[in-house]
Amino acid sequence: SELIRGFLLSGMPCPSSCPPGLLALMAPGLALMATFSLPSQAGDRRALPVEKSPGVKGRTLILLDVNTKSPVRIISENFLSLQLDPSIIHDGWLDFLSSRRLVTLARGLAPAFLRFAGKRTDFLQFHNVKEGRGGLAISLFSFPFAVDIVRSDIALDKQKGCKIAQHPDIMLDLQREKAAQMHLVLLKEQFSNTYSNLTLTARSLDKLYNFADCSGLHLIFALNALRRNPNNSWNSSNALSLLKYSASKKYNISWELGNEPNNYRTLIGRSVNGSQLGKDYIQLRSLLQLIRTYSRANLYGPNIGRPRKNVIALLEGFMKVAGSTVDAVTWQHYYIDGRVAKVTDFLKTRLLDTLSDQIRKIQKVLNTYTPGKKIWLEGVGTTSAGGMNNLSDSYAAGFLWLNTLGLLASQGIDVVVRHSFLNHGHNHLVDQNFNPLPDYWLSLLYKRLIGPKVLAIHVAGLQRKPRPGRVIRDKLRIYAHCTSYHNHNYVRGSITLYIINLHRSRKKIKLAGTLRDKIVHQYLLQPYGKDGLHSKSVQLNGQPLAMVDDGTLPELKPRPLRAGRTLVIPPLTMSFYVVKNVNALACRYR
């Protein structure tokens, strides 16, 4: 015990001559000094502060080990999933989903769900008419390249299997001009909270499904819940038309009903309580069972907003009536108001932790009515109101996004749906030039390196002169998973750490226990260019990331670190570390 106490107080790492099992003996001391909340079946644990000596930057040495015997959580293979907003019908981007470049980018994030939903879900009407050779549903003069779109559709119709288009630059330039004009109209609707009806044609649905199918994504379609009968029950006639058409095409789709039902009163002056919404979902389930193609289709909902008191009441009413009808319970979360966001907002640890409270509220309701029911976070974004240019689409926004992924996985949330893949204000992963933004590259690294099994970490900070009052846990966040089985560069049993350093100084981490003296591959993601945290470009281990061509993503090359080397985490960065050949029992089998 004196030996252990000496090492803890001296701040020196355990030398190679330490007797075997010393780290195990040190566990009580390490637990007392742990700087992170460890994932557990019971939920969060409060972290104890670790002090840092004044005036000394970067000297804190953190000792890190991982429990490799068994996972604490197992999440969906589709954990990181995507969303497309119905506004792409309004501004014309839906016609360009067949772009080879967009399909390549989406394939990089497969397997995943693709949720087609948003504010305009409940104003969406399906019209079973195909524009094209049989006659256009729009005027050829409604926008400059309508004839080109028709020609492109005719060419796509001749293709078998995946329908991929190569749109001329002039078409894309004209589309960007059109989208910019429509963006002003959409913003006006958004801020006035009054939305016009939106028509989804059969051909548009074909294009949406083709994009999902070619990209390896499973489509989830949210039906309009605001078509109401005089008695306030759901009018399913239009939904039935869409279901029958989809079934005739044998489209493999999962379903939802509505979007943020807690906001219906402000949208149309009529509210739908949880009990009625539950009855509507039961009605939808009955419709699906009548259609052979969808008799076993998955149904998700109710997609509530932030779980305040009135929203929790709606959720409770829904769960009483239809808790067993849905395959997963869904809700949305946006961290900050996009109209007032600043770059410093993305560095606030208090903001990063707001999600934990929401998770507990949702879990409490589900544990009461349907224990064990899966929970999804849908429509998540760093900012609401579409975000802000050079902020929610910048490197800085990645701190919130990566922490969201780590926190949700550690709490057992099965799926998180990012809003949006393309063209939603400035919260998207891909911009209107079809160029990937920083959060896209972060998501790509996550997909390539992170598997569904979540591991518990054990962390201790060792200081030269302990002094009360300084906490490092909040600004240094570490998560651990088994390395993705789909990544054939690493044998099963490898472990991936991902680390967020919000400090303005570097931090040092020494791998211990089962991770000790193992070769590590570093994937360090930093902003590229003079804009710093505002940058829309990133570099991986010092090399800027960009697509090779429209059909090829770049190789994500790691930087090998020698066995036993201390990990040095630069300030204000995000990084992934694959610890090779750990032969972790938890990670050997799927």
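Analyst: Two strands count as paired when DSSP finds at least two bridges between them. The model discussed here is a predicted one.

User: In S18, which residue is the bridge partner of Leu61?

Analyst: Strand S1 (residues 61-66) pairs with S18 in the parallel sense, over four bridges. Within S18, the partner of Leu61 is Lys508.

User: Which residue in S23 does Lys508 stand opposite?

Analyst: S18 also pairs with strand S23 (residues 567-569), in the antiparallel sense and over three bridges. In S23, the residue opposite Lys508 is Val568.

User: Which residues of strand S18 make up its uncovered face?

Analyst: In a regular strand, side chains alternate between the two faces of the sheet. In S18 (residues 507-511), the covered face holds Lys507, Ile509 and Leu511. The uncovered face holds Lys508 and Lys510.

User: How many of the 12 residues of H15 are buried?

Analyst: Helix H15 covers residues 438-449 and reaches 17 Å from its first C-alpha to its last, close to the 16 Å expected. Its buried residues include Trp441, Leu445 and Leu449. H15 is largely enclosed by the rest of the structure, because the number of its 12 residues that are buried is 11.

User: Is Ser233 buried or exposed?

Analyst: Ser233 is found in the loop between strand S7 (217-223) and helix H8 (237-248). Leaving aside neighbours within four places in sequence, Ser233 is in contact with Arg227, Arg228, Gln276 and Asp280. Buried means under 20% relative accessible area. The relative accessible area of Ser233 is 17%, so Ser233 is buried.

User: With which side chain does the side chain of Ser233 make a polar contact?

Analyst: This polar contact joins two side chains at 2.6 Å. The partner of Ser233 in it is Asn231.

Notes. Residues numbered from 1 in each chain as written. Predicted model: local features only at pLDDT ≥ 70, side-chain atom pairs only at ≥ 80, totals over all residues. Heavy atoms only, no water. Helix = DSSP H or I, 4+ residues; strand = E, 2+ residues; numbered from the N terminus. Buried < 20%, exposed > 50% of the residue type's maximum accessible area, 1.4 Å probe, protein only. Polar contact = N/O pair within 3.5 Å; in protein donor to acceptor, adjacent residues only side chain to side chain. Contact = heavy atoms within 4.5 Å. Expected span 1.5 Å × (residues − 1).
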